[in-house]
Amino acid sequence: MGDKPLKKIAILGSTGSIGVNALDVIENLPMCRVWGLSAQRNVELLKAQVRRFQPKVVVVSDGAAADQLRRWTGSRFPKTKIWTGAAGLERLAGQKDVDLLLSSVVGAVGLLPLLAALKAGKKVALANKEALIIAGDLLMATARKYGAKILPVDSEHSAIFQCLTPLGACQACRTGLTSALKIKRIILTASGGAFYRRKGSLDRVSVAEALAHPTWKMGQKITIDCATLTNKGLEAIEAHHLFGVPMENIQIVIHPQSIVHSLVEFEDGAMLAQLSHPDMRLPIQYALTYPERLPSSVRPLELEEIQKLEFYRPDFRRFPSLKLALKAGGLGGTWPAVFNGANEIAVRLFLQEKISFLGVSRLVAQVMKAYSNKAHRQNGAIGLDGILAADRWARQMAEELSS
Ligand SMILES: NC(=O)c1ccc[n+]([C@@H]2O[C@H](COP(=O)([O-])OP(=O)(O)OC[C@H]3O[C@@H](n4cnc5c(N)ncnc54)[C@H](OP(=O)(O)O)[C@@H]3O)[C@@H](O)[C@H]2O)c1
């Protein structure tokens, strides 16, 4: 490995849960260098990251926070450039010096930088699922057109990718895998989130309770999405785009131990699965080093310590957002953008204690109902403008319905 060129990596969302884990992974990978970092406004953590990795560029989306960081880097790190705004994110994503982009911002804000990276033919380690949810067809077509590769970071999709890699699925960015590899079903496992085992009504559960995930430590938005089971619906849409498997061939099972990260069933009934302790450093590292496997600091799995692995059918009545997400994915077109936009607003309102926990799925359902009555809704293949318009419409409708 000694004479291999260094892999220059840019991270969108380096101050988040995935970003911080990724920097820990990179520190132990001698062939990787941090070229660029980004955050929305967490200047204190960015300062520590600049000190540790001395990147060429840092993008701070918030203008005032960017000025603050620029004043601090000034004479201390004069070679580190500070860019700002949405344009700064796109510029970093498409930089020719960057060999691999890790996209780990949260929400639809990741769409345009991802598109820029794919148009520049980059390798992208993708954690930011929302971009793929709202514009999967467009992004996969763009990746194919420009020879870009998308390597999944989400643990479930990494698991499927790892099951398929030895079979010749040399990149996730391919269609037709279902027929070529005789895939019958993809089975996505779900921890069940904070409330799966809880009895009684969920209407009065607090934000703190919803944020107490039993197995994973993650950012707030995805943790709430796990508590409503929305996350698993989003992941089904993500798997549909990454692996070219029809939505109806993607099944969800509750697996409270979070040891089996997902499974693939083939035409003959054989199943492959990937197992490990729940630790995002493993899928992050695989995406960064693919196709190589290198030693990692992830705790080895001793099966006799685990003893039992349980699998249950999800309860769609108690967690209606899961059904709504699957419905949006099945309809395709701009429906997933509408679902996602409404969900992002609803989760923010819940975190701000403006709506209840069950209010999240109620609000998303109301927005979807309003969209089904909308004269100009679109079900077929859709361009970027149509996607962005649907996203804006859904956010505005969610705000109006909740005020
Ligand atoms: N966390 C996990 O274990 C996990 C697992 C699988 C998939 N994912 C996916 O990975 C993505 C990131 O999740 P996370 O848990 O790491 O989120 P997180 O902890 O909330 O971090 C989000 C990152 O994005 C930045 N950011 C937020 N809003 C932004 C905006 N408007 N413009 C620019 N940057 C913005 C944040 O900057 P500030 O710190 O300055 O706010 C932060 O760096 C999500 O799509 C999630 O679904 C996460």
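**Reading the ligand site**

Reply: Start with a polar contact, a pair of N or O atoms within 3.5 Å. Here a backbone N or O atom of G16 lies 3.2 Å from an oxygen atom of the ligand. This is a predicted model, where local features need pLDDT of at least 70, side-chain atom pairs count only at pLDDT 80 or more, and totals for chains, interfaces and linings use all residues. Residues are numbered from 1 along each chain as its sequence is written, and side-chain values use heavy atoms, without hydrogens and water.

Me: What lies 2.7 Å from an oxygen atom of the ligand?

Reply: An N or O atom in the side chain of E130. G219 uses a backbone N or O atom, 2.8 Å from a ligand oxygen.

Me: Which residues come nearest to the ligand?

Reply: A residue is near if one of its heavy atoms lies within 4 Å. There are 24 residues around the ligand, and T15, R41, E130, D154 and G219 come nearest.

Me: Which helices each supply at least two residues of the shell?

Reply: Helices are DSSP runs (H or I, at least four residues), numbered from the N terminus. The two are helix 1 (17-27) and helix 6 (129-146).

Me: How many salt bridges does the whole structure have?

Reply: Side chains of opposite charge can pair when their charged atoms come close. A salt bridge is a side-chain nitrogen of Lys or Arg within 4 Å of a carboxyl oxygen of Asp or Glu. The search finds 23. One joins E235 and K129, with the closest N and O atoms 3.2 Å apart. E235 lies in helix 11 (residues 230-243) and K129 in helix 6, so the pair ties together parts 106 residues apart in sequence.

Definitions and conventions
A polar contact is a pair of N or O atoms within 3.5 Å; within protein, one must be able to donate a hydrogen and the other to accept it, and residues adjacent in sequence count only if both atoms are side-chain atoms.
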